[in-house]
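Trainee: I would like to learn how to read a few features of a structure. Could we go through them one at a time?

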Amino acid sequence: MKIVTWLGSPRTNGNSENIARFFLNAAAERGADTGAVYSCGKLSFKGCLGCMACKHGEERCIIQDELTPALADYETADVVVLASPVYCCDISGQLKLAFDRTYGFFKPDYLSPEQKNPSRIAGKKALMILAQGNPDETRFSDIAARFEWMLKFMGFQDFRLIMSCGNGPESINPLSEAVREQARKLAEEWV
């Protein structure tokens, strides 16, 4: 099993990254290939240009930059992990910019009513990891709901969420036992 991870935090060792690494370590212990980890805040790349080349002959994003290998690993992975802090009521800009480039995975006729499988990457599993300062876990629940809808529309077969609330940016909180247990159980279930 191959797992690709996109880290959305511009800070190294932030809360969302620590949760992702805990999940990856648990999955690696069970034999998963977890080496494809990309820190979106450290890569130099462009967002989607809306050029539509991916819908007119190419069927993939034609931009060649530091996100290109991350997109290739995203396409071939069995599990995609998207980890981000909650910034300004949403995922980080770095992760959103990268995620927009997954538009290249949609088939040219993805909006056709006859199209049963709109993307070339159906069948994957997705884990979204969100870490937020607000202790109210319902406060930004729309983030995960939007991504769950989008990934399922792309053909992902399973979507899970691990959310850590009440984490301040001034100090990295140790992972709670509940978050560790959730990550550990998911690794056991998926790998």
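Trainee: Is R184 buried, partly exposed or exposed, and what is its relative accessible area?

Mentor: Keep in mind that this is a predicted model. R184 is partly exposed, because its relative accessible area of 28% falls between the cut-offs of 20% and 50%.

Trainee: Which side chain does R184 meet in a salt bridge?

Mentor: The general idea is that side chains of opposite charge can pair when their charged atoms come close. Here the side chain of R184 meets that of E177, with 3.1 Å from N to O. E177 is exposed, with a relative accessible area of 51%.

Trainee: How far apart are the closest N and O atoms of R60 and E75?

Mentor: They are 3.3 Å apart, and the two residues form a salt bridge.

Trainee: Where do K96 and D100 lie?

Mentor: Both are in helix α3 (residues 93–100), 4 residues apart, which is about one turn of the helix. K96 is partly exposed at 36% relative accessibility. D100 is partly exposed as well, with a relative accessible area of 30%.

Trainee: How many salt bridges does the count come to?

Mentor: The count comes to 13 salt bridges.

Trainee: Next, helices. At what angle do the axes of α1 and α5 cross?

Mentor: Two packed helices are described by the angle between their axes and the distance between the axes. In this model, helix α1 (residues 15–29) and helix α5 (residues 177–190) have axes that come within 8 Å and cross at roughly 40°. That makes α1 oblique to α5. The crossing of α1 and α5 is right-handed.

Trainee: Which residues make the contact between α1 and α5?

Mentor: On the α1 side they are I19, F22, F23, A26 and A27. On the α5 side they are V179, R180, A183, R184, L186, A187 and W190. The residues of this contact divide into 10 nonpolar, no polar and 2 charged. R184, with which we began, is one of the α5 residues in the contact.

Trainee: Where is C89, and what is its phi?

Mentor: C89 is in the loop between β3 (79–85) and α3. Its phi is positive, about 70°, although C89 is not a glycine. With a relative accessible area of 45%, C89 is partly exposed.

Trainee: Is A144 buried or exposed?

Mentor: A144 counts as buried because its relative accessible area, 7%, is under 20%. A144 lies in helix α4 (residues 141–153). Not counting residues up to four places away in sequence, A144 touches M128, L130, F159 and L161. The C-alpha atoms of A144 and I91 are separated by 9.4 Å, and these two residues are 53 residues apart along the chain.

Trainee: What is the relative accessibility of I3, and where is I3 placed?

Mentor: I3 is placed in strand β1 (residues 2–7). Its relative accessibility is 0%, so I3 counts as buried. Leaving aside neighbours within four places in sequence, I3 is in contact with F23, L24, A27, A32, D33, T34, A36, V79 and V81. Among them, F23 and A27 also belong to the contact of α1 with α5.

Trainee: How far apart are the C-alpha atoms of I3 and F106?

Mentor: They are separated by 20 Å, and the two residues are 103 residues apart along the chain.

Note on methods: Residues numbered from 1 in each chain as written. Predicted model: local features only at pLDDT ≥ 70, side-chain atom pairs only at ≥ 80, totals over all residues. Heavy atoms only, no water. Salt bridge = Lys/Arg side-chain N within 4 Å of Asp/Glu carboxyl O. Helix = DSSP H or I, 4+ residues; strand = E, 2+ residues; numbered from the N terminus. Buried < 20%, exposed > 50% of the residue type's maximum accessible area, 1.4 Å probe, protein only. Axes fitted to C-alpha atoms, helices over the stretch in contact; angles between N-to-C directions. Parallel < 35°, antiparallel > 145°, perpendicular 65-115°, else oblique. Left-handed = near helix turned anticlockwise from the far one by under 90°. Contact = heavy atoms within 4.5 Å. Nonpolar A, V, L, I, M, F, W, Y, C, P; charged D, E, K, R; others polar.
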